[in-house]
Every structure is written in C-alpha cells, then in structure tokens.
Amino acid sequence: MYTQLQLRDSARPPVNVSTLRQMKEKGEKIASLTCYDASYAALVDAAGTDVVLVGDSLGMVIQGHDTTVPDTLEHVIYHCRAVSKGLFRPFLMADMPFMTYTSREQALQNAVRLMQEGGAKMVKLEGGAGQAEIVEFLAGHDIAVCAHLGLRPQSVHKTGGFRVQGREEAAAEQMKRDAKLLQDAGADVVLLECIPTALGHEITQELHVPVIGIGAGPHTDGQILVLYDVLDITPGRKPRFVQNFQQGHDNPLAALQSYVEAVKSGAYPAAEHCF
Ligand code: KIV
C-alpha cells in the first residue's frame with residue numbers, strides 16, 4: 001500500500017546521520033517520534049518528522065506489558081519492517097531489546113538483523129560506560145548507533161522503577177562522562193531520557209553528536225515522544241513530559257504536524273514538561 005516510490009519526493013531528501021549533524025550545527029531542532037506500523041509511519045513522515053524510532057516501548061503500548069523487558073528481537077524486526085514500508089524521508093532507528101547486546105558478537109549479529117530484515121538505518125542501545133566496547137565494535141563495522149542514557153527502561157528492575165535520573169551530583173557527573181565516552185566510542189546520536197533540564201543542557205553543549213531528549217528539557221538538539229502519548233491514545237497516567245497534541249485537532253496528521261511545529265519552534269517542551 002505504501003511504497004518507497006510513492007513517497008519519493010526530491011524536495012524532501014531522506015534524513016541521514018550527516019543531516020542530523022548539520023541540524024545540530026545550525027541549531028535546527030530534530031523532531032522525532034516512535035512508530036510501530038506502516039499506516040502511522042506514512043502519517044509521521046507526512047507530518048515532517050526527522051527521526052522515527054521503532055522503540056521497545058512497543059512491548060508496553062502494543063503488547064500491554066508493564067515494562068520493555070519482555071520485548072524480543074523478532075518483535076522489533078516485525079514492527080520495524082512494517083514501519084520501513086511507510087517511510088521515505090525520516091531516519092529509521094530501531095531499539096535493540098533487552099539482553100540482545102550482551103557481547104560484541106551478539107550485538108553485531110542482532111544489529112545486522114535489525115538492518116537487513118527490519119530496514120533500520122541506526123540501532124539504539126541502553127547503557128553507560130559499560131556499553132562503550134559494544135558501541136565501538138558496532139561503529140567499527142560502520143553501523144550507526146544511538147546510545148540511550150538517563151532513565152533506561154530495560155534496567156528498571158535493577159534501578160528501582162521509572163524515575164528521573166541524574167539528580168544527584170555524582171550521578172550527573174557520571175552521566176556526563178558516559179555520554180562523552182560513548183560519543184568517543186563512535187555513537188552517532190545520544191538519547192537522554194528523564195533527566196534534569198540543566199544536565200540535558202550541559203551534555204548537549206559538551207557533545208558534538210546530536211542529542212535527542214525525552215523529558216530532558218528544552219535545550220537538547222531534538223525531542224522524541226511515544227506516538228500514542230502524542231495522540232493521547234495511551235490510557236492512564238502520563239509522564240510529566242508528555243503533551244497531548246491531539247487536543248484541538250480533529251485528525252491524527254494535524255496533531256502530528258502540531259507536535260513537529262512545536263518541537264521545531266521550541267514551544268515544546270515547556271517548563272511544565274521538564275524536571
Ligand atoms: O522505546 C522507546 O520508545 C524509547 C523512547 C521512549 C525513547 O526508547
């Protein structure tokens with residue numbers, strides 16, 4: 001139904017890692033969203049989104065689990081393949097699920113599957129300094145990598161739940177060191193989840209690679225939200241950083257366009273979404 005050819009439009013060249021670096025240099029905000037299927041992918045693309053993540057949040061919002069821990073590589077590949085059919089312009093990133101990157105060889109094998117079978121252009125993995133060796137190995141094989149720091153949902157059973165990270169000075173210093181280490185190991189993008197605004201600002205200033213935030217304040221180079229939160233589909237209590245962009249719009253495309261505009265203009269996130 002949605003083919004790459006139908007969506008091809010030379011006025012909107014596909015986003016790649018160089019585009020993201022240039023956006024950081026120019027101060028142009030990177031608007032990102034999660035997505036899980038081809039139909040929404042086409043809308044997310046049409047709305048002007050720059051980066052699309054097939055997140056392991058699919059375990060929660062699609063499959064109804066309490067955490068992302070039950071996600072498997074097969075699940076992410078399945079959804080990534082579907083999303084890749086609906087996208088032309090956005091850069092497609094896929095999550096490496098829990099325990100799929102415990103050794104360099106395992107990480108490489110699974111990243112290759114996400115790219116070859118799922119159509120991903122970048123893989124995202126959670127973790128700090130301990131993942132530098134894996135990031136370096138993947139980068140050494142020319143795989144684009146996003147390093148996810150701050151609140152790491154795959155570790156909630158160890159860290160004690162979905163909580164803001166990096167509030168204490170020692171933890172903030174550690175995160176700054178980890179971000180630099182992962183960049184130096186070859187990460188092309190750093191994603192920061194649920195951290196204080198000031199820390200998000202400092203890390204963004206210190207890194208030369210683009211930094212995308214979720215609940216990390218307004219100063220990161222870009223923002224990402226879970227698609228179903230933006231469209232107000234997710235039931236129950238929402239995290240502080242979520243804004244319902246469906247409000248005031250009578251169709252999902254208009255809601256997604258207003259999210260992209262709000263990120264680009266800096267209107268989102270506002271103070272009430274920050275820590
Ligand atoms: O899995 C996911 O959707 C994510 C985002 C929350 C950044 O990692």
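Author: Helix H3 (residues 38–46) and helix H5 (residues 73–86) have axes that come within 7 Å and cross at roughly 45 degrees. Axes here are lines fitted to C-alpha atoms, for helices over the stretch in contact, with angles from 0 to 180 degrees between N-to-C directions. Helices (H or I, at least four residues) and strands (E, at least two) are DSSP runs numbered from the N terminus.

Reader: Why is H3 called oblique to H5?

Author: Angles under 35 degrees count as roughly parallel, over 145 as roughly antiparallel, 65 to 115 as roughly perpendicular, and the rest as oblique. The crossing angle is roughly 45 degrees, so H3 is oblique to H5.

Reader: What is the source of these values?

Author: This is a predicted model, in which local features need pLDDT of at least 70 and side-chain atom pairs count only at pLDDT 80 or more, while totals for chains, interfaces and linings use all residues. Residues are numbered from 1 along each chain as its sequence is written, and side-chain values use heavy atoms, with hydrogens and water left out.

Reader: What is the handedness of the crossing of H3 and H5, and which residues make the contact?

Author: H3 passes H5 in a right-handed crossing. A crossing is right-handed if the near helix is turned clockwise from the far one by less than a right angle, and left-handed if anticlockwise. On H3 the contact (heavy atoms within 4.5 Å) is made by Ala38, Ala41, Ala42 and Asp45, and on H5 by Ala82, Val83, Lys85 and Gly86. These residues divide into five nonpolar, one polar and two charged. Ala, Val, Leu, Ile, Met, Phe, Trp, Tyr, Cys and Pro count as nonpolar, Asp, Glu, Lys and Arg as charged, and the others, Gly among them, as polar.

Reader: How are H5 and H6 oriented: roughly parallel, or oblique?

Author: Their axes come within 9 Å and cross at roughly 25 degrees. That angle makes H5 roughly parallel to H6. The crossing of H5 and H6 is right-handed. Leu73, Glu74, Val76 and Ile77 of H5 meet Asn110, Arg113 and Leu114 of H6, a set of four nonpolar, one polar and two charged residues.

**Aromatic rings**

Reader: What makes the pair of Phe245 and Tyr259 edge-to-face?

Author: The structure holds five aromatic pairs. Rings of Phe, Tyr and Trp (its six-membered ring) pair if their centres lie within 6.5 Å; planes under 30 degrees apart count as stacked, over 60 as edge-to-face, and the rest as tilted. The ring centres of Phe245 and Tyr259 are 5.3 Å apart and the planes stand at 80 degrees, so this pair is edge-to-face. Phe245 lies in the loop between helix H11 (227–230) and helix H12 (252–265) and Tyr259 in H12, so the pair ties together parts 14 residues apart in sequence. Both residues are buried. Elsewhere, ring pairs link Tyr36, Tyr40 and Tyr228 into a cluster.

**Burial**

Reader: How do you know whether Ala144 is buried or exposed?

Author: Buried means under 20% relative accessible area, exposed over 50%, and partly exposed in between (1.4 Å probe, protein chains only). Ala144, in strand S5, has 13% relative accessibility and so counts as buried. Leaving aside neighbours within four places in sequence, Ala144 is in contact with Val17, Lys121, Met122, Val123 and Asp188.

Reader: Why does Thr234 count as buried?

Author: Its relative accessible area is 19%, so Thr234 is buried. Thr234 lies in the loop between H11 and H12. Not counting residues up to four places away in sequence, Thr234 touches Tyr228 and Asp229.

**Backbone angles**

Reader: What is the phi of Met99, and what of Cys194?

Author: Most residues other than glycine have a negative phi, and most peptide bonds are trans. Met99, not a glycine, has a positive phi of about 65 degrees. Its place is in the loop between strand S3 (91–95) and H6, and at 47% relative accessibility Met99 counts as partly exposed. Cys194 has a positive phi near 55 degrees. Cys194 lies in the loop between strand S6 (189–193) and helix H10 (197–206), and its 7% relative accessibility makes Cys194 buried.

Reader: Which peptide bond is cis?

Author: The bond from Tyr268 to Pro269 is cis, with omega near 0 degrees. Pro269 lies in the segment after H12.
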